[in-house]
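Please view the structure before reading on.

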Amino acid sequence: HITINPAYATVDTIIHECLHRRFPTWTERGVRKVTTRLKHRLSEEEVQALHEEYQRRAKKRKRLVRLSE
(Lines give C-alpha, C1' and ligand atoms only; values in the text may rest on other atoms or scores of the structure.)
Protein backbone atom coordinates (compact mmCIF):
# COMPACT_ATOMS: atom_id res chain seq x y z
CA HIS A 1 0.00 0.00 0.00
CA ILE A 2 1.16 3.50 -0.81
CA THR A 3 -0.08 6.38 1.30
CA ILE A 4 0.27 9.88 -0.11
CA ASN A 5 0.05 12.83 2.23
CA PRO A 6 -1.41 15.77 0.27
CA ALA A 7 -0.21 18.23 2.90
CA TYR A 8 3.28 18.48 1.40
CA ALA A 9 2.06 19.30 -2.11
CA THR A 10 -0.49 21.75 -0.76
CA VAL A 11 2.06 23.52 1.43
CA ASP A 12 4.47 23.72 -1.50
CA THR A 13 1.78 25.46 -3.55
CA ILE A 14 0.81 27.79 -0.70
CA ILE A 15 4.41 28.93 -0.18
CA HIS A 16 4.98 29.25 -3.93
CA GLU A 17 1.89 31.40 -4.53
CA CYS A 18 2.56 33.56 -1.45
CA LEU A 19 6.06 34.28 -2.75
CA HIS A 20 4.65 35.26 -6.15
CA ARG A 21 2.26 37.65 -4.44
CA ARG A 22 4.92 39.11 -2.13
CA PHE A 23 7.65 39.36 -4.79
CA PRO A 24 5.89 39.82 -8.15
CA THR A 25 9.12 40.67 -10.00
CA TRP A 26 10.88 37.42 -9.08
CA THR A 27 11.37 34.86 -11.81
CA GLU A 28 9.62 31.50 -11.69
CA ARG A 29 12.98 29.84 -11.12
CA GLY A 30 13.73 32.15 -8.18
CA VAL A 31 10.33 31.50 -6.61
CA ARG A 32 10.79 27.73 -6.98
CA LYS A 33 14.25 27.90 -5.41
CA VAL A 34 13.09 29.85 -2.35
CA THR A 35 9.95 27.70 -2.05
CA THR A 36 12.10 24.59 -1.82
CA ARG A 37 14.38 26.18 0.78
CA LEU A 38 11.49 27.34 2.94
CA LYS A 39 9.61 24.06 2.70
CA HIS A 40 12.66 22.09 3.80
CA ARG A 41 12.94 24.28 6.90
CA LEU A 42 9.44 23.35 8.09
CA SER A 43 8.95 20.54 10.57
CA GLU A 44 6.34 17.86 9.88
CA GLU A 45 4.14 19.46 12.55
CA GLU A 46 4.42 22.87 10.87
CA VAL A 47 3.51 21.37 7.48
CA GLN A 48 0.45 19.72 9.01
CA ALA A 49 -0.57 22.92 10.82
CA LEU A 50 -0.28 25.00 7.65
CA HIS A 51 -2.25 22.41 5.68
CA GLU A 52 -4.99 22.28 8.33
CA GLU A 53 -5.27 26.07 8.40
CA TYR A 54 -5.53 26.13 4.59
CA GLN A 55 -8.27 23.46 4.70
CA ARG A 56 -10.15 25.38 7.38
CA ARG A 57 -10.04 28.61 5.37
CA ALA A 58 -11.00 26.86 2.13
CA LYS A 59 -14.02 25.29 3.81
CA LYS A 60 -15.04 28.66 5.29
CA ARG A 61 -14.69 30.33 1.87
CA LYS A 62 -16.87 27.68 0.19
CA ARG A 63 -19.54 28.21 2.83
CA LEU A 64 -19.46 32.01 2.27
CA VAL A 65 -19.72 31.59 -1.52
CA ARG A 66 -22.75 29.31 -1.13
CA LEU A 67 -24.43 31.83 1.16
CA SER A 68 -23.92 34.66 -1.32
CA GLU A 69 -25.47 32.74 -4.23
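For helices, an axis is a line fitted to C-alpha atoms over the stretch in contact, and the angle, from 0 to 180 degrees, is taken between N-to-C directions. The model described here is predicted.

**Helix packing**

Helix α1 covers residues 6–22 and helix α2 covers residues 28–41; the two pack with axes 9 Å apart and at an angle of about 130°. This angle makes α1 oblique to α2. The crossing of the two helices, α1 and α2, is right-handed. On the α1 side, the contact is made by Tyr 8, Asp 12, Ile 15, His 16, Leu 19 and His 20. On the α2 side, Glu 28, Val 31, Arg 32, Val 34, Thr 35, Leu 38 and Lys 39 take part. By type, the residues of this contact are 6 nonpolar, 4 charged and 3 polar.

**Aromatic pair**

How many aromatic pairs does the structure hold? There is 1 aromatic pair. In this pair, Phe 23 and Trp 26 have ring centres 4.0 Å apart and ring planes at 5°. The pair counts as stacked because planes under 30 degrees apart are classed that way.

**Exposure**

| Residue | Relative accessible area | Class |
|---|---|---|
| Phe 23 | 27% | partly exposed |
| Trp 26 | 32% | partly exposed |
| Ser 68 | 60% | exposed |

Ser 68 belongs to helix α3, residues 44–68. Its C-alpha atom is separated by 35 Å from that of Thr 35, which is 33 residues away along the chain.

Technical notes:
Residues numbered from 1 in each chain as written. Predicted model: local features only at pLDDT ≥ 70, side-chain atom pairs only at ≥ 80, totals over all residues. Heavy atoms only, no water. Helix = DSSP H or I, 4+ residues; strand = E, 2+ residues; numbered from the N terminus. Parallel < 35°, antiparallel > 145°, perpendicular 65-115°, else oblique. Left-handed = near helix turned anticlockwise from the far one by under 90°. Contact = heavy atoms within 4.5 Å. Nonpolar A, V, L, I, M, F, W, Y, C, P; charged D, E, K, R; others polar. Phe/Tyr/Trp six-rings, centres within 6.5 Å; stacked < 30°, edge-to-face > 60°. Buried < 20%, exposed > 50% of the residue type's maximum accessible area, 1.4 Å probe, protein only.
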